Every structure is written in structure tokens, then in C-alpha cells.
Amino acid sequence: MTQPQQANDVPSFAIVGKVNMGKTSVLATLLEQDDNSVLRVSNTPGETTHCQDHFLKLNENPLIRFIDTPGFARPIDAMLEIKKFHGESESSPGKAAIQHFITHHKKTDEFIDEVLLLEPLINGAGIIYIIDTNHPIRDSYIAEMEILRWTGCQRLAVINNQSASDSSSEWKSKLGSYFNLVRTFNAHSATYEERHKLLKSLLEIDESHVEQIKKTISSIETEWQSRRENSAEHILNFLLESLGHHETVSLSRRDCENENRRGKTIEELKKSYFTTIRKKQNQCFETILKIYKHNLIEIKENAELLSGIDIEAEETWTKWGLSRSQLTIAGGLTGAAAGGAIDLTTAGATHGLGALFGGIAGLATTYFKGGSLPNFNITLEDITGDKAHSDNEQRKLIIKSPENENFPWILLDSIVEQYHAMLKRAHGRRDTQQITSSQKNESYVRKLTVQQRSAVTKWIVSCKKNKPDYELEPKVLEAIESLLTIS
Amino acid sequence: MGKWTLADIIDFETCVHHYSDDLKGDKLIESNIIRPVLEKQPKLSTKKKKSIGLKAWLKHRLKDFDTRPSTHWLSAFSSVNFLLAITFFNLGFGSILGLMNWQDKSYNLAILLGVTILLTWALFLFSTTIYLLSKGKSHPWFSLLTTLINHFWKKIKPADFPHYGTLHSLQKPLKKQLFKSLQMHSLIYSIGCLLGIIFVIFFLEVQIYWEATLTGNMTEFWLSITNFLSLPWQWSGFAVPTHSDIEHIRLSDFSLSSKKPKIAEKWAYFCMLSILTWSCIPRLLFYLIGSISLKTTLATTQFEEARHRQLWRRLSTEIMETSHDKKDDSVTLIDLGGSGVQLETIRPFILQKLRLNPEQIFTLGTLDASKNQLTEEHLRETKSPVVFCCEATEFSPKSIKAQIDKVQLFNKETQITLVLLGTNSPSEPSQVLIDQWTTWVDQLADPNIHLVSYKKLQPIEKNTNDSTTAS
């Protein structure tokens with residue numbers, strides 16, 4: 001890794017503050033780094049033992065440097081010491097006094113932390129001061145802010161309250177007087193929009209690198225969009241594979257003749273089918289987690305349910321996927337399309353009645369079937385000739401995608417919900433989390449426009465016939481992307 | 001730049017397949033080649049940028065090939081087209097010669113017009129109907145065609161070329177090309193027929209006749225046929241058969257030995273003009289429509305399939321990543337003598353005072369041989385500094401020196417820090433013990449050995465001169 005020779009080449013920002021204020025957490029969330037071997041985050045004070053440089057790079061070119069620092073250990077004593085180096089003058093100490101302090105105490109063990117964190121500031125780094133305003137204001141905080149003010153660097157205060165509460169007015173007033181800008185950023189729950197806002201704040205405290213910071217922000221925006229497109233692509237592939245998936249089991253002569261045995265086999269087949277679908281969904285979600293650089297979100301492997309959705313429960317089919325009326329309209333549209341094809345092939349002799357009747361049939365079918373429990377598509381076929389492995393094998397059961405029109409929408413809803421749950425997870429957290437479908441108020445897919453639902457429905461129909469309409473893929477991707485951008 | 005040909009699409013699909021994993025190479029092409037091209041034209045639409053960008057990518061990737069992958073495809077197409085052209089011309093010309101009754105050098109008008117005009121239109125309408133009816137369905141004849149294509153595809157495709165069934169971007173232009181080629185060969189057939197009829201008219205004295213079992217309205221029937229066929233040139237009055245002309249060539253009315261040159265000439269021109277107008281010219285029009293359709297298809301190729309999207313995403317997305325200048329603060333923490341000190345309790349002290357990060361605690365100098373061995377193996381493998389946690393009351397110089405020597409055996413330069421603990425660790429040792437240890441360590445006179453006594457850490461907020469009110 002090549003590093004710039006001088007701090008001036010790349011805008012640099014030092015993350016400072018008292019020990020255990022969450023400096024490293026803030027940085028971990030900002031840089032999307034949840035690996036403890038890179039950025040150690042814990043409740044133990046002093047995890048950051050030295051200053052560490054972290055570069056945000058674009059195509060291997062460093063754009064911004066963040067410096068994680070150990071944190072103030074003895075701010076009041078350090079402040080008094082700096083004042084001593086400044087002398088009796090009535091003016092406030094400045095960079096010179098701080099430089100003197102650093103030079104002197106580099107040789108001693110007395111102020112190791114202060115020396116480490118002040119050095120980058122003297123070299124021109126901007127200041128990002130992390131504070132938890134749930135703590136009462138103490139002299140030590142005042143001392144920290146004074147020292148930072150003496151550096152003469154542009155300063156941004158970031159309120160990282162580790163428990164939910166509003167900052168006191170006293171804190172707000174104090175921070176307002178010491179810092180150029182004050183922002184709130186919860187390292188354990190910050191979203192992309194909040195990270196984006198914090199990065200934009202850097203523009204206001206580093207005027208000499210405005211273009212470079214703007215470029216960084218623009219690149220992050222483009223990259224975020226690309227991640228969304230990539231995720232949508234994977235979700236589309238998941239749906240494609242799931243809708244075309246089928247499983248087969250051979251039935252022995254005894255199974256064929258015995259209804260109980262046949263029933264048991266069918267139940268096992270259904271279970272196997274859903275297990276496979278669940279695995280596909282998990283694989284899809286794992287890929288999305290990698291895209292978004294999440295390593296601490298776990299996927300529950302042995303869940304009974306399809307990501308928490310109970311396919312057998314009637315509530316599932318009313319709460320998830322499209323609403324009955326939406327399904328009805330979508331079914332009507334595909335029925336009309338099928339009827340329209342009849343009109344075309346009769347060269348208009350049916351005078352559009354094909355489309356009309358097709359639409360009505362589609363409406364009726366979907367209306368009565370749409371809200372019902374999954375109607376499994378199970379067929380029994382004879383095994384003939386060489387395909388039969390023994391005389392005992394007579395027939396085979398084949399299970400395909402359930403005929404219920406809402407099934408694909410439920411799959412889509414499920415993975416989109418997982419996606420949004422993942423977005424809420426900040427990288428600054430170090431606990432592992434299992435994401436399963438939660439109780440949510442409304443289905444995501446119901447927010448699609450009529451045109452989007454229509455395009456997706458047509459594509460679903462083509463996938464179920466094992467002839468995916470590739471020309472519809474861009475529209476389907478667009479619809480999925482719109483689901484991923486819902487806030 | 002930006003206009004795609006069929007050859008380009010074949011080459012493109014080959015390269016997309018061949019370079020599907022070369023992210024680094026793609027990024028280099030993007031930054032060195034595509035970006036400069038697109039920066040010169042900032043106002044382009046996204047689709048246009050994509051088309052130009054992918055074309056530039058293709059142009060660069062093709063430099064890795066000695067010959068373009070499409071070359072042997074196109075030469076195969078050309079060879080087949082050439083053979084078919086000869087075949088269809090011979091068919092057309094040969095049909096005219098074959099239809100002639102060589103005994104009296106005569107042509108049955110119905111058969112002549114049927115083969116030269118009706119047959120081609122019937123085939124055209126038939127294949128169009130089949131195409132429309134089977135669109136989107138697996139019609140057995142189209143399945144046969146696809147099977148044939150796949151069969152030859154396997155034989156002639158390069159090793160790294162994807163399966164035809166997955167190449168939707170190629171299927172559309174190939175279908176248009178097929179249509180265009182079929183029209184061309186139909187045109188060649190029609191030209192063959194036309195040249196054939198011209199040949200026999202100018203070099204053989206041929207007669208044309210018609211015959212019918214029914215005597216009824218056949219003349220009227222033929223009059224309507226000839227009127228219809230001669231519509232485009234009826235205005236000139238030239239070569240437009242009349243009622244009497246039709247009657248004259250009825251086989252029952254004249255013997256073929258009775259010739260009337262003027263009427264024969266009229267019928268000859270009529271046949272030539274009919275073939276030209278109703279066979280050649282429409283075929284030429286369809287051929288031109290096919291050409292325009294192919295060009296339009298190529299010009300509007302979207303590249304919206306999954307592998308195209310992935311490629312464009314690789315090319316258009318800049319890679320944001322973070323790099324970390326990590327300072328190694330790892331340490332080998334050893335509980336010397338088995339004081340029972342826990343990692344969670346001693347770690348904060350080690351972090352804050354020694355600026356080292358212990359991730360686990362080892363044991364040495366105990367009766368547990370396996371633990372001792374584990375520690376020694378770790379010391380052999382690692383080069384990190386060592387911290388010995390020693391109970392100050394267990395001051396045994398020879399024993400401790402022996403452990404220090406063990407560490408230095410693996411690496412003489414290892415920094416070793418002795419952390420003195422009180423009993424019931426971690427607790428602070430007494431000053432007397434600290435002094436005792438300090439004297440002994442000083443006597444060792446080894447700059448790599450340090451002594452630190454454990455101190456309980458102050459809560460973070462408490463500092464000297466701190467107060468609750470801001471000063």
C-alpha cells in the first residue's frame with residue numbers, strides 16, 4: 001500500500017475524544033468495517049493503543065485518511081502542561097506550545113496518549129471529536145475541547161450517544177462554542193443516509209480539499225447505487241431459480257398402492273422443496289451481506305420456516321406478498337394478455353373478446369385462489385423404460401412451484417425484508433445478529449406501481465413455464481431496485 | 001464507434017464469456033480506455049454511453065486474439081451463402097428448362113406461373129404463418145431448427161464460446177440475418193427463373209399454352225389472372241393479353257404447330273414481366289426490408305442480459321475500499337506459575353499501560369505439561385513481545401530466569417515485561433516486593449527485560465483537579 005508522503009496530499013481527519021467514547025465505533029460504522037482484527041471495538045477502555053491510519057480509497061487511490069487515536073487519558077494535566085510551555089502570555093496557547101509539548105513528552109512516558117493524538121493535528125489533520133453527551137459535563141471534557149481549540153484546526157463535534165436520549169442544552173451550548181460544526185451520529189444504528197450526511201459535513205471543516213471530498217462522496221453514492229443494482233440482480237436470480245425449481249421422488253409399488261405411505265412421501269417432498277427454497281434464499285442473502293460488507297450477521301440455517309414465514313399459516317398469505325385486490329388485477333392483466341394472444345392469432349376475428357374473456361377468467365381465478373393457502377403443484381408420472389432403476393419403481397412424484405399466485409411475491413417480500421433489516425445494522429456493532437422476518441406492518445411489494453407489478457407478474461408467469469422472458473428482466477430489476485430503495 | 005455489426009456481437013459474446021472473471025483487467029480498460037472516450041462526450045444518454053463503452057472494451061479485448069472469433073463464423077456463413085446462391089440460381093434456371101415440353105418447346109402457362117410466382121409466394125406465406133403461430137411456443141419444426149443449430153454449434157463453436165441458447169442478444173440479429181438470407185436466395189431463385197425464361201424466349205422458339213377439361217369460364221378466369229398480373233404495366237398497354245390472346249393459346253383451339261409470332265411474343269413478354277414484377281421485385285423489397293431490419297436490430301441492441309449487466313457494472317463502478325495501516329500490538333501473555341489471573345481482568349491494564357493487546361493467556365512454569373508445551377510452541381512461532389504475569393510473593397530468581405531464557409532461546413531480541421501482581425490477582429503488590437524485584441531486574445542488565453507493577457485502573461472520568469462545574 002502506498003501512502004501519501006505528506007498529509008496535505010490527502011484530506012486527513014483525526015478521530016479524537018476521551019477514552020471509551022466510541023471513536024473506533026464511529027469510524028467502524030463510517031468505513032463499514034465490522035472486523036475486530038482491523039478496528040477493535042469493545043467496552044474495554046484503551047482498545048486503541050496507537051494511532052492508526054485508515055484510508056478510504058477509490059480504484060486504489062487514497063481519497064480520505066481517517067486517523068483513529070487512543071483518546072485523551074489526562075486532559076486536565078495535559079492542558080496545564082501545554083499552558084506551561086506557552087508561558088505567562090495572556091493569549092491562549094497555540095500550535096507552537098502544543099508542538100513544544102509533543103517534542104518534550106515524546107521522550108517521556110507521561111502523556112503518551114496526548115502526544116499520540118495531538119501529533120496528527122499539528123500536521124494539519126481536521127478534528128472529529130466524539131462525545132457521548134449522556135455524561136455530565138466535567139472539567140476533563142472542557143480541557144479536551146480547549147486543547148483542541150488551541151490547535152487551530154477546523155473542528156467537527158459528533159454526538160455519539162450510546163443510550164437513547166437528547167443532549168442536554170448545556171452540552172449543546174458548550175459544543176457550539178468550541179466547534180465549527182456539531183452533528184449527531186449513533187455508531188450502533190447509523191444508516192447509509194446518516195453516514196452520507198456525516199461525510200458531507202467534512203466539506204464544511206476542510207475547505208482546502210473540497211473537490212476531493214466531493215469526489216469521495218459522489219463515488220460513495222455511485223457505489224451504493226451499484227450495490228443496490230447488484231443486490232437486485234441476485235434477488236432476481238434467486239426468484240428465477242426458485243420458480244423453476246422442482247423436486248422428484250420415485251414411488252415404489254407399495255407407495256403407489258398405499259395411500260398413507262403416498263401421503264407421507266408427499267409431505268416429505270413438500271418439506272424438502274421448501275428446505276431447498278430456503279437454502280437458495282439464504283445463499284442469496286449471504287451474497288448480499290458480502291456486497292454490503294457485513295460479517296457479523298448470521299443466517300439461521302436450521303429454521304423450520306422460510307425465513308420466519310410460516311407457509312402453512314393463512315395469515316402469511318394475507319399479510320405478505322400482494323393484497324388480494326392487487327393479485328386480482330395482476331391476474332387479470334396476465335389473463336388479458338393471454339386472451340390478447342388468441343385475438344392476434346385469429347387475426348382479430350375474435351374482435352378482442354379473447355382479451356376480455358381472458359382478463360375476466362384471470363380475475364376470477366386470482367380472486368378466488370389468491371388468498372388461499374399454497375396449492376402445491378404435485379404431479380405423478382410414470383417411469384418408463386431405462387429411467388426405471390428397478391421393477392419396483394413405477395411412478396415418480398414431481399413437485400413444482402406452488403400454483404398460488406402470491407407465492408413468488410411472498411418470496412420477494414421475504415428477501416426484501418431481510419435486506420432492509422440488514423441496512424439497519426451498523427458496522428460499528430460487534431455482536432452477532434440473526435436476521436429473520438419480523439413482525440412488520442406492511443408488505444413491501446404492495447408498494448410497487450401497477451406497471452411494475454404487471455411486468456413482474458408477466459415475468460413470473462414466464463419463469464413458471466421454464467421459459468423466462470429475458471426482455472422483461474430490465475423492468476423486473478427496476479421494480480426490485482425500487483423495493484430496495486423504500487425507506 | 002458505437003455501431004455494432006453481427007461480427008461485433010459474436011466477438012463480444014466470446015469475450016464476455018472468456019473474460020468473465022477478469023475484474024482487474026476490466027478496471028484497467030475502464031480507466032485507461034473507456035473513461036477518456038466517454039469524457040469527451042459528456043452529454044450522451046446512459047444507453048449510448050453503455051453502447052460506446054462496451055464497444056471500446058471489445059476493441060481492446062480483441063487485441064488478445066490473433067484472429068477475431070467471428071472470422072470463422074462469418075467465413076462459414078459466406079461459404080454457405082455462396083453455395084446456396086449457386087443452388088438457388090440453378091434451381092430457378094433449371095426449373096424453367098425443366099418445365100419446358102422439349103418435344104414441341106412449349107410451356108403450360110399455369111405450371112410456369114405456378115412454379116415461378118405462386119410457389120415462392122406460397123412458401124413465403126406458409127413459413128410466415130408457421131413463424132407467427134409458433135412464436136413463443138416450442139413448435140416441432142422450430143425445435144428441429146434449433147436442434148440443428150445446436151448440433152452444428154457444438155461442432156464448430158470455439159471451446160470458450162457459450163451455448164447458443166443463452167445468447168439472446170445474438171439470437172435476434174441471427175434471425176434477422178436468416179430472414180435476409182432467405183429473401184436473398186429467393187431473389188436469386190427468381191432471377192434464375194427470369195434469366196431462364198429470357199434464355200428460352202430469346203434462344204429457343206417456345207410456345208405458351210393453357211388447357212382445361214372444363215370449357216366453361218376458363219377464358220374469363222385466365223383473363224382475370226392476366227389482368228391482375230399485368231396491373232403494374234397495364235397503363236402502357238404493352239404485353240397485356242386480351243381475351244382473344246387467351247383464347248388463342250388454349251390448347252384445344254390451336255395446335256402447337258400453328259404459330260402466331262406476335263401473340264407468342266406478347267405472351268413471352270407477359271411472362272417475363274410477371275416474373276420480374278411479382279417474383280423478383282417483391283423479393284428484392286423483402287431483402288431490403290430484411291437488411292434494414294437487421295441494421296435496426298443491431299443499432300438498438302440493448303445488452304440487457306445478466307452477463308452484460310454484470311460486465312457494465314464492473315466497468316462503470318468505481319471500487320471503493322478501505323486500507324488500514326495497522327500497527328501490530330499483539331503480545332504473548334503468560335501466567336507464570338499459574339496464578340490464575342483471568343484475561344478479562346488483566347487485559348485493560350495491559351492495553352492501557354503497556355499498549356499491547358493480549359488475545360489469550362498462556363501458562364508456563366506449572367505442573368501441567370501440555371499447557372507448558374502449548375506455550376512453548378506458541379513462543380516458537382510468534383515474534384510478538386512477551387508479558388509474564390508474576391505473583392510478586394513468588395519471587396524465585398532462578399526459576400524466573402529459566403523461563404526468561406526459554407523465551408530468549410527462540411528469539412534473543414524479544415521484549416519481555418514482567419507484570420508484578422499481588423496475591424489474589426489481580427491486586428497490587430506491596431512496595432517491599434516491588435523493590436526486591438526491581439533490584440533483581442536491574443542486576444540482570446538486560447535492556448530487553450522490563451518490570452511493571454500492577455495498579456488498579458482509575459475509572460475513566462476521574463482526573464486530578466476535576467470538578468463537577470466547568471471551570
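Predicted model: local features only at pLDDT ≥ 70, side-chain atom pairs only at ≥ 80, totals over all residues.
Chain B is built with 15 helices and 8 strands, and among its contacts with a separation of 6 or more, 79% are between residues 24 or more positions apart.

Part of the surface of chain B is a nonpolar patch of about 410 Å², made by Leu276(B), Ile281(B), Leu284(B), Leu285(B) and Leu288(B). One of these residues, Leu288(B), is found in helix 10 of chain B, which spans residues 261-299.

In chain A, attention turns to a pair of helices. Two packed helices are described by the angle between their axes and the distance between the axes. Helix 10 of chain A (residues 259-291) packs with helix 14 of chain A (residues 406-423) at an angle of about 35°, and their axes are 11 Å apart; the crossing of helix 10 and helix 14 of chain A is right-handed. On the side of helix 10 of chain A, the residues that take part in the meeting include Tyr273(A), Phe274(A), Ile277(A), Cys284(A) and Phe285(A). Helix 14 of chain A contributes residues including Phe407(A), Leu411(A), Ile415(A), Tyr419(A) and Met422(A), with Ser414(A) and Gln418(A) also among them.

Chain A also holds two residues, Asn20(A) and Glu32(A), that have a positive phi although neither is a glycine.

| Residue | Phi | Relative accessibility | Loop in chain A |
|---|---|---|---|
| Asn20(A) | about 70° | 34% | between strand 1 (12-16) and helix 1 (23-30) |
| Glu32(A) | about 55° | 8% | between helix 1 and strand 2 (52-58) |

Asn20(A), in the loop between strand 1 and helix 1 of chain A, counts as partly exposed at 34% relative accessibility. Glu32(A), in the loop between helix 1 and strand 2 of chain A, counts as buried, because its relative accessibility is 8% and buried means under 20% relative accessible area.

Definitions and conventions. Residues numbered from 1 in each chain as written. Chains lettered and ligands numbered in written order. Heavy atoms only, no water. Patch = residues over 30% accessible without salt bridge, like charges linked within 9 Å, V, L, I, M, F, W, Y side chains within 5 Å. Areas by Shrake-Rupley, 256 points an atom, 1.4 Å probe, with all protein chains shown as cover. Salt bridge = Lys/Arg side-chain N within 4 Å of Asp/Glu carboxyl O. Helix = DSSP H or I, 4+ residues; strand = E, 2+ residues; numbered from the N terminus. Contact = heavy atoms within 4.5 Å. Axes fitted to C-alpha atoms, helices over the stretch in contact; angles between N-to-C directions. Left-handed = near helix turned anticlockwise from the far one by under 90°. Buried < 20%, exposed > 50% of the residue type's maximum accessible area, 1.4 Å probe, protein only.
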